Amino acid sequence: MFLGLIGFIDPPRDEALLAIAQCRSAGVDVKMITGDHVATALALARQLDLADDPRAMTGAELDPLADEALRAMGPANSCLRAHHPRA
């Protein structure tokens, strides 16, 4: 028996869009750290216009990187997906 299907959307607030636009126009690279799935994070990054070509990395991809590699990758990635909390 099929009972139904529901969906919802939680769009970014106008204030967030404006703040990100102001930061970007001032030359600030805006980054987002989220617990969402990478595909969801990228979709949100595109909605927020975080970067011209937003890219994401997972925590599992970040964990093995040395500090120098992290610094080099920072400018290219607009969103980072949290892997798991640490104690």
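Reply: The side chains of Arg-24 and Asp-49 meet in a salt bridge, with an N to O distance of 3.2 Å. This pair links distant parts of the chain, since Arg-24 belongs to helix α1 (residues 14-25) and Asp-49 to the loop between α2 and β2, 25 residues apart. The term salt bridge denotes a side-chain nitrogen of Lys or Arg within 4 Å of a carboxyl oxygen of Asp or Glu. In general, side chains of opposite charge can pair when their charged atoms come close.

Two remarks on the basis of the account follow. The model is a predicted one, in which local features need pLDDT of at least 70 and side-chain atom pairs count only at pLDDT 80 or more, whereas totals for chains, interfaces and linings use all residues. Residues are numbered from 1 along each chain as its sequence is written, and side-chain values use heavy atoms, with hydrogens and water left out.

A salt bridge of 2.9 Å, N to O, is formed between the side chains of Asp-52 and Arg-24. Because Asp-52 lies in the loop between α2 and β2 and Arg-24 in helix α1, this pair ties together parts that are 28 residues apart in sequence. A further salt bridge, at 3.5 Å from N to O, joins the side chains of Asp-53 and Arg-55. Through shared partners, salt bridges join Arg-24, Asp-49 and Asp-52 into one network. The structure holds four salt bridges.

Arg-24 is partly exposed at 27% relative accessibility, and Asp-49 is partly exposed at 43%. Asp-52, by contrast, is exposed, with a relative accessible area of 74%. In the other pair, Asp-53 counts as partly exposed at 48%, and Arg-55 is partly exposed at 45%.

The backbone at Asp-49 also deserves attention. Asp-49 lies in the loop between α2 (38-48) and β2 (56-58). Just after α2, Asp-49 takes a positive phi of about 55°; the residue is one other than glycine.

In α2, Ala-41, Leu-42, Ala-45 and Leu-48 are buried. They cover an arc of only 125° around the axis, which means that they are on the same side of α2; the arc is that of the directions from the helix axis to the C-beta atoms. An α-helix has 3.6 residues a turn, so residues three or four places apart point the same way. Ala-45 has a relative accessible area of 0%. The C-alpha atoms of Ala-45 and Ala-56 are 9.1 Å apart in space, the two residues being 11 apart in sequence.

Ala-16 is found in helix α1, and its C-alpha atom is separated by 7.7 Å from that of Leu-48, 32 residues apart along the chain. Ala-16 is partly exposed, at 30% relative accessibility.

Thr-34 is buried, with a relative accessible area of 12%, and its side chain reaches the backbone nitrogen of Asp-36 at 3.0 Å.

The whole chain gives the setting. It contains four helices and three strands, which follow the pattern α-β-α-β-α-α-β along the sequence. Here helices (H or I, at least four residues) and strands (E, at least two) are DSSP runs, numbered from the N terminus. Of the 87 residues of the protein chain, 18% count as buried. The chain exposes about 6,700 Å², of which carbon and sulfur atoms supply 59%; accessible areas come from the Shrake-Rupley method with a 1.4 Å probe, and for residues only the protein chains shown count as cover. Among the contacts with a separation of 6 or more, residues 24 or more positions apart account for 52%, a contact being heavy atoms within 4.5 Å.

Definitions and conventions:
Buried < 20%, exposed > 50% of the residue type's maximum accessible area, 1.4 Å probe, protein only. Polar contact = N/O pair within 3.5 Å; in protein donor to acceptor, adjacent residues only side chain to side chain.
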